[in-house]
Amino acid sequence: VGVRFKGNSSFRHPSVKKSLKIDFDRFDDDLHFHGLAKLNLNNGFKDPTVLREKLFLDFARQFVPTIRAAHARVTINGTYWGLYTVIEQVDKTFARSRFGAHEDGNLFKGEASDDAGGPMGTFGSALTWLGSDPAPYHDHYQLKTNEEDDDYSQLIHFVDVLNYASADELEDLLEPIFDVPTALYALALNNLFVNLDSYNGSAHNYYLYDRDDSGQITHIHWDTNETFGRFLMFLSPADDPLRLDPFWIPVGGPGGVPQERPMMSGLWANDVYRNDYLCALATMLDSGFDEDAVEQRVHELADLIRADIYADTHSMYSPSAFEHNLEADLVNGQDTIYGLTSFVRRRSAYLRARLDELGF
């Protein structure tokens, strides 16, 4: 099989515990692991609990098509290398398992191309209009399937409608080509968990899949290890991550200029979609995003991985940091790592009050 390092910030951390991608069919097209062609092993970067990604994806699965996550003891040449989070790859195998065995649609990753700087490049996959020429879209959206056809036409058409259809005509023009309910739940999930290294904030770390079964483009989450408020770029100095407004838009530049996010502002401009988005937030608050439910799940998972956390000599955090951060904040200078259960308690309390103000 093929094995390589992966990651951007997580790779540059000085620990020897790097994230890895395993490519089972790299040298043999017929070789798979339990039906999967690829797996990702994430190293717990910026997460003393190694639970953030697992908790988010398990919760998100109630509402949107998403990848699976588990934990694994990783050994290299017989030596225990540490506890990792195992993440399913978004690829053709994923599409066929979620949407149908004959799926062969175009899969785009919202991330700068290697020529445009890759993950080190600008955060530019915001679904803003770049013109009718496909060339600029190649810089910000990587086609991961059907590469030889190199067909960006459906993506460009989607971006055109998203940016230029009026609020009144949006439903008629957008719904035939875009899975709007999934997008609204995806945006709500990012806001709920303050997952800002995503379309909501950094404008990358997501996929768009053009489905054969419905003809619609569907949003898929990716790289969610910085949920629970671990990525704070694009917040203004006045923003409190725990009190992030449901209609928060990221800012950038010295003057805190609002960033363009047409999949957010465009959908919210339509009264039906705005209402559906707030209903999605209210539904999730009543579907397990509360302190008691999360505390029970956190301790269930913590009991499962605790021995491996304590044995992990390559971890970026101590066992005591793991124990403390399950419930309480860790503060290191200006960096606050929110406790899992305390984050949910404060975030859910704020959002319930805010939704009450908005009539939900």
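Is Arg297 buried, partly exposed or exposed? Arg297 counts as partly exposed, because its relative accessibility is 28%. That value, like every other one here, comes from a predicted model.

The protein has 360 residues, and its radius of gyration is 20 Å. A compact globule of that length would have a radius near 21 Å, so the protein agrees with the globule rule. Along the principal axes, the C-alpha atoms fill a box of roughly 55 × 55 × 40 Å. The secondary structure comprises 12 helices and 13 strands. Buried residues account for 54% of the 360. Contacts tell of the fold as well. Take those with a separation of 6 or more: 65% of them join residues 24 or more positions apart.

Now the surface and the charges. The side chains include 31 positive and 56 negative ones. The centres of these two sets lie 8 Å apart. Side chains of opposite charge can pair when their charged atoms come close. In this model, a search of the whole structure finds 23 salt bridges.

Return to Arg297. Its side chain meets that of Glu300 in a salt bridge, at 2.9 Å from N to O. Lys54, Asp58, Arg61, Arg297 and Glu300 are linked in a network of salt bridges.

Helix H10 takes part in another pairing. Arg345 forms a salt bridge with Glu291, with the closest N and O atoms 3.2 Å apart. This pair links distant parts of the chain: Glu291 lies in helix H10 (residues 291-311) and Arg345 in helix H12 (residues 340-357), 54 residues apart. Arg345 is partly exposed, because its relative accessibility is 39%. Glu291 is partly exposed too, at 27%.

Which residue forms a salt bridge with Arg52? The partner is Asp47, and the closest N and O atoms are 2.7 Å apart. Here the setting is buried. Arg52 has 0% relative accessibility, so it counts as buried. Asp47 has 5% and therefore also counts as buried.

Pro319 is 12 residues from Ala307 in sequence. In space, their C-alpha atoms are 9.7 Å apart.

Last, look at the backbone. Most residues other than glycine have a negative phi. Asp223 is not a glycine, yet its phi is positive, at about 55°. Asp223 lies in the loop between strand E9 (217-221) and strand E10 (251-252). Phe228 is in the loop between E9 and E10 as well. Phe228 also has a positive phi, about 60°, although it is not a glycine.

Phe228 has a relative accessible area of 1%, so it is buried.

Definitions and conventions
Residues numbered from 1 in each chain as written. Predicted model: local features only at pLDDT ≥ 70, side-chain atom pairs only at ≥ 80, totals over all residues. Heavy atoms only, no water. Salt bridge = Lys/Arg side-chain N within 4 Å of Asp/Glu carboxyl O. Buried < 20%, exposed > 50% of the residue type's maximum accessible area, 1.4 Å probe, protein only. Helix = DSSP H or I, 4+ residues; strand = E, 2+ residues; numbered from the N terminus. Rg over C-alpha atoms; globule rule 2.2 N^0.38 Å. Contact = heavy atoms within 4.5 Å. Lys, Arg positive; Asp, Glu negative; His and termini not counted. Charge placed at Lys NZ, Arg CZ, Asp CG, Glu CD.
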